[in-house]
Amino acid sequence: MTIVAGPRSRELAAEMAEASGQKLIVPEHKRFPDGEAYFRIPDDLEGEVVLVQNAFPDGGIVELLVLADLIKSRGAEYVHLLVPYLGYARQDKSFTPGEAVSSGTIIRHISRSVDALATIDIHSPSVLDNSDVPAQNIYPAKSFADFLNDMDVVLAPDEGAKHRAEAVAEHLDKPWDHLVKVRLDDQHVVMEPKGLDVSGMSVAIVDDIISTGGTIARASEQLRSQGATRVVAVCTHGLFSGNAFDRMSTCDGVHSTRTLMSEASSIPIGAELSRRILGSG
Ligand code: R5P
């Protein structure tokens, strides 16, 4: 088996190759003067190949399509595509009549280029029903648990995200909960754990995406005012737009995986991904 590192996911592909001992190929890549992408894979390929490439931002989608075809033309018999961060995944319904359901469009097109598809912690797993080939959503709960092994409790920022807190806490054998909004009066709303008392506890907040940091900033301020001694926020995909890190300064730590690269990309998931996709590592 061979892992091919697309230009948008080089770090994660390298992490998987190191964890699994599989061969890593980094295609030759440059931009033509007009900005279009050039790729070359000098090596012949055979058997199963895993292409790791984000479909984000938009240019990543074109690169992914070109690379998937190139890998087949170099001799691969089976192309397993891992899209760590699937762009457009949050546009999963028409919120206003006439709006594009972009996630379905993207999945349909990229799945036609490969034999199997996997992604990591997709916003809405039902989007994968649009795939023409077998599609898998992976939540690397064990990796998050290993990273958070000194925390007392695991919290999700809302009820819709509670499956993440539950999955991580199960590996840790620690309590978990999710935050709810409680209205105190006409003017004031607080966020607090549905059932747990966090006073004196070190609390991990787990989310899929951190974008502006607003969700984590609110949660962390509230947890501190309820007596939490330490608040660490982790997410799968760190977009960290604008002044997100400043907004989250009440956290003792903010960390993400390497699905998107930033100064906070410090949670290793390569070994777990390799086990679940390649069966090794
Ligand atoms: C919401 O559905 C997501 O799970 C995240 O909580 C959200 O995307 C975080 O966004 P922000 O960092 O802008 O609050």
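This is a predicted model: local features need pLDDT of at least 70, side-chain atom pairs count only at pLDDT 80 or more; totals for chains, interfaces and linings use all residues.
Two packed helices are described by the angle between their axes and the distance between the axes. With that in mind, the reader can turn to helix α1, residues 10–20, and helix α8, residues 270–278, which pack at an angle of about 75° with their axes 8 Å apart. Because angles from 65 to 115 degrees count as roughly perpendicular, α1 is roughly perpendicular to α8. On the side of α1 the contact is made by Leu 12, Glu 15, Met 16, Ala 19 and Ser 20, while α8 contributes Gly 270, Ala 271, Leu 273, Ser 274, Ile 277 and Leu 278. Sorted by class, this contact of α1 with α8 holds seven nonpolar, three polar and one charged residues. Within α8, the buried residues are Gly 270, Glu 272, Leu 273, Ser 274, Ile 277 and Leu 278, and just after this helix Gly 279 takes a positive phi of about 75°.

A second pair of helices has another arrangement. Helix α2, residues 58–73, and helix α3, residues 102–111, pack at an angle of about 20°, and their axes are 10 Å apart. Since angles under 35 degrees count as roughly parallel, α2 and α3 are roughly parallel to each other. Here Ile 61, Leu 64 and Leu 65 of α2 meet Ile 106, His 109 and Ile 110 of α3, and the residues of this contact of α2 with α3 divide into five nonpolar, one polar and no charged.

The aromatic rings come next, and the count comes to four aromatic pairs. One of them joins Tyr 139 and Phe 144, whose ring centres are 5.5 Å apart and whose planes lie at 20°, so the pair is stacked. Both partners can also be placed by their accessibility: Tyr 139 counts as buried at 13% relative accessibility, and Phe 144 is buried with a relative accessible area of 0%. A ring is involved in a further way at Tyr 38, where the charged end of Lys 30 sits over the ring, 4.7 Å from its centre.

Finally, Asp 43 lies in the loop between β4 (37–40) and β5 (48–52). With a relative accessible area of 30%, Asp 43 is partly exposed, and, leaving aside its neighbours within four places in sequence, Asp 43 is in contact with Lys 23, Ile 25 and Arg 74. The C-alpha atoms of Asp 43 and Leu 81, two residues that are 38 residues apart along the chain, are separated by 19 Å.

How values were computed
Residues are numbered from 1 along each chain as its sequence is written. Side-chain values use heavy atoms; hydrogens and water are left out. Axes are lines fitted to C-alpha atoms, for helices over the stretch in contact, and angles run from 0 to 180 degrees between N-to-C directions. Helices (H or I, at least four residues) and strands (E, at least two) are DSSP runs, numbered from the N terminus. Angles under 35 degrees count as roughly parallel, over 145 as roughly antiparallel, 65 to 115 as roughly perpendicular and the rest as oblique. Contact means heavy atoms within 4.5 Å. Ala, Val, Leu, Ile, Met, Phe, Trp, Tyr, Cys and Pro count as nonpolar, Asp, Glu, Lys and Arg as charged, and the others, Gly among them, as polar. Buried means under 20% relative accessible area, exposed over 50%, partly exposed in between (1.4 Å probe, protein chains only). Rings of Phe, Tyr and Trp (its six-membered ring) pair if their centres lie within 6.5 Å; planes under 30 degrees apart count as stacked, over 60 as edge-to-face and the rest as tilted. A charge sits over a ring if NZ of Lys or CZ of Arg is within 6 Å of the ring centre and within 35 degrees of the ring normal.
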